[in-house]
Amino acid sequence: MKACDVRSCRQRGFTYIWVLLMVALMGVGMTVAADVQTTLSQRDREKELLAIGRQYRSALASYYAARPPTLKGVSDFVAGAGQPVSGLPPAAGGAPTPISGSPPAAGSLSDPRGYPGSLDELLRDERFPGIRRHLRKIFVDPMTGKAEWGLVQVAGRIVGVHSLSTAVPIKQAGFDGDDHSFAGAQSYAGWVFGPASHMPGMQPDRRDGAPPGTPLPSLSTTSLASPARP
């Protein structure tokens with residue numbers, strides 16, 4: 001094999017280095033593009049979760065507003081100390097995350113008996129003859145890909161739902177309306193959708209003497225797995 005002269009060997013060396021540099025740059029570019037695509041996909045799923053959560057919030061408020069007359073105007077039952085509470089995800093420091101949402105009427109959310117015992121009751125309200133729906137289907141959680149949701153319950157009644165994803169949200173601020181309490185959440189489980197803005201431990205008019213924001217003891221996480229409906 002004929003040996004190359006100094007000039008041609010240098011040219012080949014530069015060409016080889018240039019090819020390696022181009023390959024490295026292409027690898028970096030592909031990595032950056034993949035990260036951007038992943039971020040965009042997560043942002044899209046966040047928007048979908050917010051949209052679905054608002055439907056759950058509206059459905060729970062609708063179910064409560066349609067409660068039988070015997071439950072309307074009840075003022076002697078306030079969810080507070082002594083009421084079994086489960087499913088409220090912990091926020092930073094272990095305190096419960098407030099349920100966001102505005103009550104449909106002043107004082108009307110103090111009695112959890114007007115809320116459903118299962119999400120299926122939102123699909124068909126058995127309290128009335130015929131078919132009465134507050135939600136068209138049990139949605140799939142876009143963050144987990146499963147029709148499984150964390151349930152916040154008071155006295156066995158569902159007052160809020162949240163994702164079971166423990167991933168940290170990209171969106172940390174700029175929430176509108178009833179979603180304002182989601183700012184700074186450390187996981188999607190902190191995005192709790194429900195019309196009860198004064199949940200036990202957070203309501204401003206607690207009757208157990210505790211200051212607003214004081215967490216209740218013995219909180220646990222529950223979830224409901226339901227098949228996706230068309």
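Trainee: Is aspartate 179 buried or exposed, and what is its relative accessibility?

Mentor: In this predicted model, aspartate 179 has a relative accessibility of 1% and therefore counts as buried, since buried means under 20% relative accessible area.

Trainee: With which residue does aspartate 179 form a salt bridge whose closest N and O atoms are 2.6 Å apart?

Mentor: That partner is arginine 54. Arginine 54 itself is partly exposed, because its relative accessible area is 38%.

Trainee: Which residues are linked with aspartate 179 in a network of salt bridges?

Mentor: The network links Arg54, Arg57 and Asp179. In the salt bridge between arginine 57 and aspartate 179, the closest N and O atoms are 2.8 Å apart. Because arginine 57 lies in helix α1 and aspartate 179 in the loop between β3 and β4, this pair ties together parts that are 122 residues apart in sequence. Arginine 57 is buried, as is aspartate 179.

Trainee: How many salt bridges does a search of the whole structure find, and where does arginine 127 come in?

Mentor: The search finds three, and one of them joins the side chains of arginine 127 and aspartate 125, with an N to O distance of 2.7 Å. Aspartate 125, at 1% relative accessibility, counts as buried, while arginine 127, at 26%, counts as partly exposed. Arginine 127 also lies over the face of tyrosine 63, at 3.6 Å from the ring centre. An arrangement of this kind is found again where arginine 132 lies over the face of phenylalanine 128, at 4.3 Å from the ring centre.

Trainee: Turning to the aromatic rings, by what is a pair of them described?

Mentor: A pair of aromatic rings is described by the distance of the centres and the angle of the planes. A search of the whole structure finds eight aromatic pairs. Among them, phenylalanine 182 and tryptophan 191 have ring centres 5.6 Å apart and planes at 5 degrees, so this pair is stacked. For tyrosine 188 and tryptophan 191, the centres are 5.2 Å apart and the planes stand at 85 degrees, so that pair is edge-to-face.

Trainee: Which residues form one aromatic cluster, and is tryptophan 191 buried or exposed?

Mentor: The cluster is formed by Phe175, Phe182, Tyr188, Trp191 and Phe193. Tryptophan 191 counts as buried, at 0% relative accessibility, and phenylalanine 182 also counts as buried, at 0%. Tyrosine 188 is buried as well.

Note on methods:
Residues are numbered from 1 along each chain as its sequence is written. This is a predicted model: local features need pLDDT of at least 70, side-chain atom pairs count only at pLDDT 80 or more; totals for chains, interfaces and linings use all residues. Side-chain values use heavy atoms; hydrogens and water are left out. Rings of Phe, Tyr and Trp (its six-membered ring) pair if their centres lie within 6.5 Å; planes under 30 degrees apart count as stacked, over 60 as edge-to-face and the rest as tilted. Buried means under 20% relative accessible area, exposed over 50%, partly exposed in between (1.4 Å probe, protein chains only). A charge sits over a ring if NZ of Lys or CZ of Arg is within 6 Å of the ring centre and within 35 degrees of the ring normal. A salt bridge is a side-chain nitrogen of Lys or Arg within 4 Å of a carboxyl oxygen of Asp or Glu. Helices (H or I, at least four residues) and strands (E, at least two) are DSSP runs, numbered from the N terminus.
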